[in-house]
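Let's take a walk through this fold together, one piece at a time. Have a look at the picture first, then read on.

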Amino acid sequence: MNTIADTALFADLSHRARQRVDSLSTEIGVAPGHRLTTERTVGREFGVLISGAASVEVDGEIVAGLGPGDHYGEMALLNEVGGKGRYRAATVTTTERSVVSVLSIDEFRTLVVEFPEVADAIRDTALARSAANRS
């Protein structure tokens, strides 16, 4: 896995569509202990872990781990796009040196409009995470 378009989330897209996804995102390297999101703050980006690992914390408790191909930040941005609020549901912190591919709110909006099948997969993940956070 080298880019965001190589992850499972985008596997069913055509080569040309995956190139478009790559053009929307920006890859950054981050050190262990870097907070990618902070619970109850305004969400400003969506990210996909290209390499490395991260922990997901809700109300001070680690509830999940993320690895290459996993995404984060979708819940706040889906709410932003839908006009229902935009606050982070969890804190996501890298646990090792990682590379993440990041999309701004506008880039994420473009992604969900141009690729509704990807938007559906992202919404499904958000619903599952939201349900898990309530239980």
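## Ground rules

Helices (H or I, at least four residues) and strands (E, at least two) are DSSP runs, numbered from the N terminus. By that rule, Val112 lies in helix α3, which covers residues 105-114.

This is a predicted model, so to speak of local features we need pLDDT of at least 70, side-chain atom pairs count only at pLDDT 80 or more, and totals for chains, interfaces and linings use all residues. Residues are numbered from 1 along each chain as its sequence is written, and side-chain values use heavy atoms, with hydrogens and water left out.

Two strands pair if DSSP finds at least two bridges between them. An open sheet of 4 strands has the order β2-β7-β4-β5, and the pairing is antiparallel. At the edges sit β2 (35-37) and β5 (61-66), each pairing on one side only. From one strand to the next, the twist averages 30 degrees; angles run from 0 to 180 degrees between N-to-C directions, and axes are lines fitted to C-alpha atoms, for helices over the stretch in contact.

Zoom in on strand β4 (residues 54-58): 5 bridges join β4 to β5, antiparallel. Ala54, for instance, has Leu66 in β5 as its bridge partner.

## A strand tucked inside

Is strand β3 (residues 45-51) mostly buried or exposed? "Buried" means under 20% relative accessible area, "exposed" over 50%, and "partly exposed" in between (1.4 Å probe, protein chains only). In β3, 5 of the 7 residues are buried, so the strand is largely enclosed by the rest of the structure.

β3 pairs with strand β8 (residues 98-104) in the antiparallel sense over 6 bridges, and also antiparallel with strand β6 (residues 71-72) over 2 bridges. Follow Val48 to see both: its bridge partner in β8 is Ser101, and its bridge partner in β6 is His71.

## Two rings meet

Rings of Phe, Tyr and Trp (its six-membered ring) pair if their centres lie within 6.5 Å; planes under 30 degrees apart count as stacked, over 60 as edge-to-face and the rest as tilted. Searching the whole structure turns up 1 aromatic pair. Phe46 and Phe108 make up this tilted pair, 5.0 Å centre to centre with 45 degrees between the planes. Phe46 is in strand β3 and Phe108 in helix α3, 62 residues apart, so the pair links distant parts of the chain.

## One side of helix α1

In helix α1 (residues 15-24), Ala17, Val21 and Leu24 are buried. They cover an arc of only 60 degrees around the axis (the arc of the directions from the helix axis to the C-beta atoms), which puts them on the same side of α1. The face turned away carries the exposed residues His15, Arg16 and Ser23. Covering the buried residues are, among others, β1 (26-30), β8 and α3, where contact means heavy atoms within 4.5 Å.

## Charged partners

A salt bridge is a side-chain nitrogen of Lys or Arg within 4 Å of a carboxyl oxygen of Asp or Glu. The structure holds 6 of them. One is between Glu114 and Arg20 (2.9 Å, N to O), linking α3 to α1 across 94 residues of chain.

Arg40 meets Glu39 (3.7 Å, N to O) and Asp59 (2.4 Å, N to O). Those shared partners join Glu39, Arg40 and Asp59 into one network.
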